[in-house]
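Let's take a friendly walk through this structure. Have the sequence and the 3D view ready as you read.

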Amino acid sequence: MNDLVFTVLRLGFLILLWLLVLSIVGALRRDLAIGKKARTGAPTAREIRKNPDLSPPPEAPAKQQASMLVILEGPLAGLQHELTASPILLGRAQEATIVLEDDYASGRHARLFPQGTRWFIEDLGSTNGTFLGENQLTRAQPVELGQKIRIGKTVMELRP
Amino acid sequence: MSELETAPVSRRNMELLLLLLALAVSMGAYYLVGINSDQGLSQEFITQGLFLAVLSLVFHVILRIWAKYADPVILPVTVALNGIGLAMIHRIDLAKISRDSDQSSRQILWTGVAMVIAMVVLWAIRDHRILRRFTYTALAASIVLLLLPMIPGLGVPINGARIWVRIGDSLSFQPGELAKITLAIFFAGYLSSNRELILLAGKRIGPLQLPRLRDLGPMVVAWLVSIGVLVIQRDLGSSILFFGLFMVMIYVATARVSWIVIGMLMLVGGGVFAYLTMGHVTRRINGWLNAFDPDIYYAQGGSRQIVEGLFGMGDGGLLGTGLGNGSPYLVPLANSDMIIAALGEEIGLIGVSAIVMLYLILVSRGMRAALGSRDAFGKLLATGLSFTVGLQCFVIIGGVTRLIPLTGLATPFMAAGGSSLLSNWIIVALLLLISHNARRPMQASLSATAEVATEAPRRPKNLKEAKK
């Protein structure tokens with residue numbers, strides 16, 4: 001075989017190698033597009049024509065964000081806790097963010113944490129359970145403004 | 001720690017397509033080596049190529065059965081890297097520069113063993129959360145693995161580092177390679193159960209929140225043992241690797257930048273101390289800073305290896321000399337530590353950057369699995385494991401290209417060496433498992449996640465009540 005063939009094969013190998021890399025990147029791009037939450041930026045007009053689902057949702061009424069946790073009933077009634085970006089541990093233990101002096105609360109009872117623009121509450125395996133509205137929590141659930149959270153005798157809610 | 005959602009789609013067909021492309025790259029590399037050597041295309045092209053192809057297709061089928069929703073690009077990337085490495089090792093063998101010119105058949109044998117063990121890991125574990133039960137067993141295993149080479153009669157020093165175990169005449173093994181997996185399991189298990197204790201309990205001094213010593217105790221013990229053993233065994237690369245793993249996992253678990261600051265200060269302090277007191281570290285750093293000084297070039301353990309590698313890569317230029325056309329065998333250890341230099345000579349900057357891209361993709365897919373994982377243990381384990389692969393690449397490729405001092409770490413999946421292949425394939429198997437559990441539909445996994453959500457936090461509470 002002559003030099004020309006060698007050169008063509010040599011360059012062909014490099015092209016094949018980059019073809020592999022680029023097709024993997026292409027596959028990844030599709031992977032990102034599947035989860036629409038991972039999308040950044042607004043879809044272009046052409047994308048919307050191809051896939052009507054992508055059109056921006058009608059403007060939702062601006063949601064007010066919670067900035068305050070207010071205790072309504074129980075031994076600590078009246079206490080207001082300013083919400084920051086960090087999670088809040090509720091329970092009787094001294095390390096808790098809000099130490100509940102409530103005989104029906106466990107040491108580390110529940111956790112209130114922000115994700116995106118919402119706050120979630122999660123029961124940490126307490127003895128007597130955590131209630132959101134009427135329902136006992138079985139997993140982490142988002143908390144809406146004004147929704148009652150009950151731990152033992154303590155009732156609290158989020159306020160803007 | 002955040003979560004991203006993806007629609008549960010099994011993407012095994014995409015994987016098959018990419019896998020075939022990856023095999024084409026590996027076979028292409030073998031073919032080029034074959035036609036450019038004096039002997040022409042040898043038997044090895046057929047046997048080794050087919051062996052790799054059959055094994056990776058079997059792996060693909062196994063994934064279809066047991067990890068249907070696993071990430072579709074991890075396997076093709078790994079097979080491509082492994083195949084290119086095999087072709088390069090075969091090419092160095094053909095130059096017959098060393099007495100031991102049958103490295104490639106040993107490497108293909110180890111590839112087979114590693115892939116089979118990775119499949120066994122996939123089959124035996126199924127759900128990575130099982131590993132959490134073995135948190136402290138993993139710590140004990142890491143200590144044993146790291147101490148094995150120190151046992152007289154079993155451990156053998158090679159090139160000044162006492163990190164090898166020899167069983168029988170021909171089989172030597174580097175147990176430290178496996179220790180990085182067991183240590184990652186321990187760190188992930190320990191930090192996922194004690195994360196909040198480390199975060200919340202303890203004194204606050206200025207902007208720094210210091211954790212209580214007893215919460216950090218096991219971590220400090222693990223870290224001291226691994227670093228101590230490695231300083232005594234004189235294996236610089238691995239000690240950087242373990243230190244980095246420790247820092248990253250504690251940073252990811254606590255999200256405190258102060259850990260990174262403390263870690264960097266400790267690294268600088270340790271580096272200066274080692275430079276001043278340890279002969280082999282001094283030599284490494286001199287060989288890095290003054291590589292082109294003739295005295296250092298000709299010195300025993302001097303910079304000859306790095307400089308020859310740089311000349312080779314310079315000779316390759318942008319496009320490379322073509323596989324089988326250069327002379328990468330002039331560099332000492334061209335098939336293990338310096339394999340990136342050998343590749344740089346023969347496939348050029350363009351080829352090597354494709355390889356670096358493949359590593360980058362592999363690491364980013366590991367991180368993606370961590371983001372998607374639904375439990376803290378899985379997040380931490382995937383982060384730790386993919387970070388180990390990334391750090392290894394950085395340390396060895398950075399060393400070969402004289403960005404940082406050269407330390408002996410194996411280039412993952414490429415360098416000749418069975419223990420490194422084995423441990424990296426196990427890492428791949430674990431990453432595939434974690435990504436499978438992260439991406440599979442919620443319904444199927446509801447019971448499993450519910451169990452974790454209630455069981456994991458209950459344990460510390462029971463302890464507390466028992467104390468009262």
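## A residue in the core

In this predicted model, Phe187(B) touches Phe246(B), Met249(B), Leu380(B) and Gly384(B), leaving aside residues up to four places away in sequence. Phe187(B) also belongs to the largest nonpolar core, which has 128 residues. Among the residues with the most contacts inside this core are Met249(B), Leu380(B) and Leu432(B). Which helix gives the most to this core? Helix H13 of chain B, residues 339-372, does, with 15 residues.

There is also a second, separate core of 17 residues, and Leu69(A), Ile71(A), Leu89(A) and Ile121(A) are included in it.

## Two helices side by side

Now look for helix H4 (residues 103-125) and helix H15 (residues 418-439), both of chain B. Their axes come within 8 Å and cross at roughly 30°. Angles under 35 degrees count as roughly parallel, so that is how H4(B) and H15(B) lie to each other. The crossing of H4(B) past H15(B) is right-handed.

Which residues make the contact? On H4(B) they include Trp110(B), Val113(B), Ile117(B) and Val121(B), while on H15(B) they include Leu421(B), Trp425(B), Ala429(B) and Leu432(B). The residues of this contact are 18 nonpolar, two polar and no charged.

## Chain B as a whole

Stepping back, chain B has 16 helices and five strands. It has 468 residues, and 47% of them count as buried. Of the contacts in chain B with a separation of 6 or more, 71% link residues 24 or more positions apart.

Definitions and conventions. Residues are numbered from 1 along each chain as its sequence is written. Chains are lettered from A and ligands numbered from 1 in the order in which they are written. This is a predicted model: local features need pLDDT of at least 70, side-chain atom pairs count only at pLDDT 80 or more; totals for chains, interfaces and linings use all residues. Axes are lines fitted to C-alpha atoms, for helices over the stretch in contact, and angles run from 0 to 180 degrees between N-to-C directions. Helices (H or I, at least four residues) and strands (E, at least two) are DSSP runs, numbered from the N terminus. Angles under 35 degrees count as roughly parallel, over 145 as roughly antiparallel, 65 to 115 as roughly perpendicular and the rest as oblique. A crossing is left-handed if the near helix is turned anticlockwise from the far one by less than a right angle, and right-handed if clockwise. Two residues are in contact if their C-beta atoms, placed from the backbone, lie within 7 Å. Ala, Val, Leu, Ile, Met, Phe, Trp, Tyr, Cys and Pro count as nonpolar, Asp, Glu, Lys and Arg as charged, and the others, Gly among them, as polar. A nonpolar core is a set of buried Ala, Val, Leu, Ile, Met, Phe, Trp, Tyr and Cys residues joined through C-beta atoms within 7 Å. A residue is buried if 20 or more other C-beta atoms lie within 10 Å of its own, exposed if 12 or fewer, and partly exposed in between; C-beta atoms are placed from the backbone.
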